[in-house]
Amino acid sequence: MLGFEAHHDGSPLYLPDGPVPLGGTTRVRIRTWAGSAVGNAGGTSDGGRPAAVERVWLRTLEDGEPRFAEARHLGVEDGWDWWEAELRAVNPLARYRFLLREADGRSSWLNAAGPHPQDVPDAQDFRLSTATAGPDWAAGAVMYQVFPDRFARSAAADTRPAPDWAVPADWDADVEYRGPETPLQFFGGDLDGVRERLDHLAGLGVEILYLTPFFPSASNHRYDAESFRRVDPLLGGDEALIRLVQACHERGIRVIGDLTTNHTGDTHEWFRTALADPGAAERSYYYFGADGGYESWWGVPSLPKLDWASDGLRRDFVEGPKSVVAHWLNEPFRLDGWRVDVGNMTGRLGTADWNREVGALVRQTALETRPDALLVAESTNDAAPDFQGDTYHGSMSYASFTRPLWAWLTDGTAVNFFGSPLPCPPRIPASQFVAEYRVFAAAYPWTARLHSLVAIDTHDTARAATAMIPGGQAVAAVLSFTLPGMPTVFAGDEFGLEGMNGEHSRTPMPWDEPERAAQDLRSLYTALGALRREPVLRTGSLRWLHADGDTLAFVRELDGTTALVVAARDEADVVLAPGLLPAGLAPGTEAALAVGRLGLGTSDDGGTRLRAAGPAAAVWLLG
């Protein structure tokens with residue numbers, strides 16, 4: 001049974017000494033079900049509990065070679081045996097797993113993906129990075145993503161004429177999301193408009209404001225920058241960003257920008273110079289062929305790809321105090337970090353692969369400029385190999401969270417499912433959602449998971465409200481705010497805004513037109529933002545209790561506090577075995593937060609009965 005599995009993760013409950021330096025030693029702990037305590041040693045009980053474990057070994061990889069150290073038994077607590085061993089961080093990334101021997105002589109393995117009855121490859125071993133973790137202020141913090149053109153207009157925006165490239169649109173106009181006008185439709189939101197709405201963000205409990213690019217460009221999305229050295233005048237220019245960051249900091253809100261290290265726009269000053277003069281230093285910044293052609297992102301000619309073999313590009317963009325990376329972290333702008341666009345593709349083209357080196361340079365410069373800067377990068381698929389704690393602090397959790405979440409909560413509506421040829425997400429049971437979550441998150445160091453974005457949708461996806469069953473967005477929001485990582489709200493989620501794909505989802509906010517809000521979820525997001533202040537939900541361990549069909553349940557645990565989270569996509573009647581839930585949770589215990597109808601009762605065998613009527617989710621805090 002899922003809830004009785006042996007368990008370890010990188011949280012303080014299992015790594016009580018915290019960070020470990022290279023060459024240092026730290027304690028690691030594991031819990032196993034004390035089967036003998038309930039009379040089921042040597043097999044499984046009728047309740048599905050595993051057999052008692054008699055011995056545990058920690059297996060590490062040191063310089064690529066396995067080594068074993070036997071763990072010592074610490075005692076029994078609440079039906080669990082606790083074990084402890086010492087891990088020596090011989091390499092910058094310590095990789096380890098556990099070997100368990102049961103009372104009947106059988107053995108099994110535990111790695112970050114879960115237990116296994118047979119030996120398994122090392123790819124999903126636990127990972128402990130000796131590099132400095134991401135900043136404490138960001139671990140588990142609530143993030144809010146703003147697409148500036150569509151968030152809010154200040155009075156000054158009305159005084160700025162639309163640029164030649166733009167197709168101006170009224171704030172309440174429908175979004176063009178197919179065809180040539182998609183990147184040209186211009187609503188005219190600006191940074192002072194964002195500043196004037198900060199009370200809204202503060203009310204939602206937002207701790208980090210993530211701005212998509214603010215550089216001048218010839219599109220509404222601004223990922224085709226004309227320069228990395230100034231703020232688009234259409235957004236209010238440099239002074240508007242300075243005002244916004246200062247106002248955010250006064251409210252305790254951090255601000256990160258969005259940087260395209262993979263490409264520029266074809267109107268970028270570097271690229272124009274490279275085109276005009278084949279002998280210019282900037283020519284080496286891009287991939288030019290002998291015929292004058294050039295490589296671009298995904299074959300889009302307006303997005304020429306950067307060649308990170310160029311020393312000049314490195315000096316201008318990512319190296320040292322005068323680089324682009326450092327410029328915006330310094331006074332007077334004082335950004336708190338960066339989100340790097342298509343970080344997975346940066347520096348990669350055919351046989352060339354500068355990706356890790358570029359990430360390390362971004363990290364070095366950013367942390368030399370601002371030691372508590374946050375660095376996250378986009379990756380649309382299996383991101384773990386690129387996020388081992390020594391470059392970016394975290395990633396976008398599309399593969400481990402967003403995609404399987406959509407598939408669990410889909411109502412069959414045709415949406416763009418992350419570029420898949422399938423017409424809609426394939427409907428999966430809760431067990432598959434958890435399986436995909438575990439397998440994709442397994443190869444991350446725990447600290448990288450805490451600093452990764454956990455989003456139900458973003459400006460690059462369909463909206464959750466469109467992709468999910470009625471009521472599904474609320475359930476999804478609860479999960480995003482209660483799983484490890486940084487819960488990320490895309491502006492408009494709190495109004496239930498809809499969209500079939502990323503461009504369609506970039507809807508102007510319905511500030512003065514409540515009739516355009518599909519559903520008002522502000523009170524839910526406000527409650528979730530307040531709940532997320534609980535330390536157990538920010539850095540506590542994650543242990544799955546149940547996942548089957550329409551229902552899943554897990555606990556987060558830290559310093560004697562337990563948060564129980566239950567989510568159901570449909571009517572459900574589930575019994576959790578006696579001993580599975582923490583002490584102190586009884587029928588009638590009031591939930592700290594609930595959406596829909598979900599109640600606790602007692603089953604005939606003394607277990608806990610969970611009953612849900614339609615989509616529902618609830619969080620209980622104990623201890």
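Here, partly exposed describes a residue whose relative accessible area falls between the buried limit of under 20% and the exposed limit of over 50%. That wording returns in the legends below, which all show a predicted model.

**View 1. The whole chain, before zooming in.** Let's start with the overall picture: the secondary structure comes to 14 helices and 27 strands. The radius of gyration is 25 Å, close to the 25 Å that the globule rule gives for 623 residues, so the chain is as compact as a globular protein of that length. Along its principal axes, the C-alpha trace spans about 80 × 55 × 45 Å. Of the 623 residues in the chain, 59% are buried.

**View 2. A negative surface patch around Glu-176.** Which residues form the negative surface patch? They are Asp-170, Asp-172, Asp-174, Glu-176, Glu-181 and Glu-515. Look for Glu-176 in the loop between strand 11 (167-168) and strand 12 (185-186). Glu-176 has a relative accessible area of 35%, and because this lies between 20% and 50%, the residue counts as partly exposed.

**View 3. Glu-84 and Arg-72, a salt bridge between two strands.** The closest N and O atoms of Glu-84 and Arg-72 are 2.7 Å apart in this salt bridge. The pair links distant parts of the chain, with Glu-84 in strand 5 (residues 80-88) and Arg-72 in strand 4 (residues 72-77), twelve residues apart. Is Glu-84 buried or exposed? Glu-84 is buried, at a relative accessible area of 4%, while Arg-72 is partly exposed at 40%.

View 4. A salt bridge of 2.8 Å, N to O, brings together the side chains of Asp-493 and Arg-463. Asp-493 belongs to the loop between strand 21 (486-490) and helix 13 (522-531), and Arg-463 to the loop between strand 20 (453-455) and helix 11 (464-467); the two are 30 residues apart. Asp-493 counts as buried at 1% relative accessibility, and Arg-463 is buried with a relative accessible area of 1%.

**View 5. A salt-bridge network of five residues: Asp-17, Arg-27, Arg-29, Arg-72 and Glu-84.** Salt bridges that share partners join these residues into one network.

View 6. How many of the residues of helix 12 (residues 472-482) are buried? Eleven of the eleven are, so helix 12 is largely enclosed by the rest of the structure. Among the buried residues you will find Val-475, Val-478, Leu-479 and Phe-481, along with Gln-473, Ser-480 and Thr-482.

**View 7. Gly-588, an exposed loop residue.** Gly-588 is found in the loop between strand 25 (572-576) and strand 26 (593-602). At 68% relative accessibility, Gly-588 counts as exposed. From C-alpha to C-alpha, Gly-588 and Gly-496 are 31 Å apart in space, and 92 residues separate them in sequence.

Definitions and conventions. Residues numbered from 1 in each chain as written. Predicted model: local features only at pLDDT ≥ 70, side-chain atom pairs only at ≥ 80, totals over all residues. Heavy atoms only, no water. Patch = residues over 30% accessible without salt bridge, like charges linked within 9 Å, V, L, I, M, F, W, Y side chains within 5 Å. Areas by Shrake-Rupley, 256 points an atom, 1.4 Å probe, with all protein chains shown as cover. Salt bridge = Lys/Arg side-chain N within 4 Å of Asp/Glu carboxyl O. Lys, Arg positive; Asp, Glu negative; His and termini not counted. Charge placed at Lys NZ, Arg CZ, Asp CG, Glu CD. Helix = DSSP H or I, 4+ residues; strand = E, 2+ residues; numbered from the N terminus. Buried < 20%, exposed > 50% of the residue type's maximum accessible area, 1.4 Å probe, protein only. Rg over C-alpha atoms; globule rule 2.2 N^0.38 Å.
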